[in-house]
Amino acid sequence: MDAGLTPIEAITAATRRGGQLLGADSLGLVAPGKVADLVVLNANPATGIAATRNIAWVMSRGRILRPDSLRGAWKK
């Protein structure tokens, strides 16, 4: 809690609260009718925010992307 937030509070601030501040009610929640962009992790970020760096896969615009395919795209 170096910044005064728990890992879950930090994630909520960056997702749900970010969507609320932007006035974009389709962002920041996983629910029917919402935008399907999300990150699935291999570890539980509630136990440590560093788990957010251990990415299993990403869904962007309904497409599943694996970390290795993302790394290849970044090098180009």
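Reply: **Around proline 67**

Leaving aside its neighbours within four places in sequence, proline 67 is in contact with Ile55, Ala56 and Trp57, where contact means heavy atoms within 4.5 Å. Before going further, please keep in mind that this is a predicted model, in which local features need pLDDT of at least 70 and side-chain atom pairs count only at pLDDT 80 or more, while totals for chains, interfaces and linings use all residues. Residues are numbered from 1 along each chain as its sequence is written, and side-chain values use heavy atoms, with hydrogens and water left out.

Proline 67 belongs to helix H3, which covers residues 67-75. Helices (H or I, at least four residues) and strands (E, at least two) are DSSP runs, and they are numbered from the N terminus. Proline 67 counts as buried because its relative accessible area is 16%; buried means under 20% relative accessible area, exposed means over 50%, and partly exposed lies in between, with a 1.4 Å probe and protein chains only. Between the C-alpha atoms of proline 67 and alanine 56 there are 6.9 Å in space, although the two are eleven residues apart in sequence.

One of the contacts of proline 67 is tryptophan 57, which lies in strand E2. With 23% relative accessibility, tryptophan 57 counts as partly exposed. If residues up to four places away in sequence are not counted, tryptophan 57 touches Leu38, Val39 and Val40, and also Ile64, Leu65, Arg66 and Pro67. The C-alpha atoms of tryptophan 57 and aspartate 68 are separated by 9.3 Å, and these residues are eleven apart along the chain.

In general, the strands of a sheet pair through backbone hydrogen bonds, either parallel or antiparallel.

Two strands are said to pair if DSSP finds at least two bridges between them. E1 and E2 run antiparallel and are joined by four bridges, and leucine 38 stands opposite methionine 59 in E2. Strand E2, made of residues 55-60, pairs with E3 in the antiparallel sense over three bridges, and here serine 60 stands opposite arginine 63 in E3. E2 and E3 form a hairpin with two residues between them, and arginine 61 in the turn has a positive phi of about 55 degrees.

At 36% relative accessibility, asparagine 54 is partly exposed. Its contacts, once neighbours within four places in sequence are set aside, are Leu41, Asn42 and Ala43.

The protein chain has three helices and three strands, and from the N terminus on its elements run α-α-β-β-β-α. Of the 76 residues in the protein chain, 14% are buried. Among its contacts with a separation of 6 or more, 23% come from residues 24 or more positions apart.
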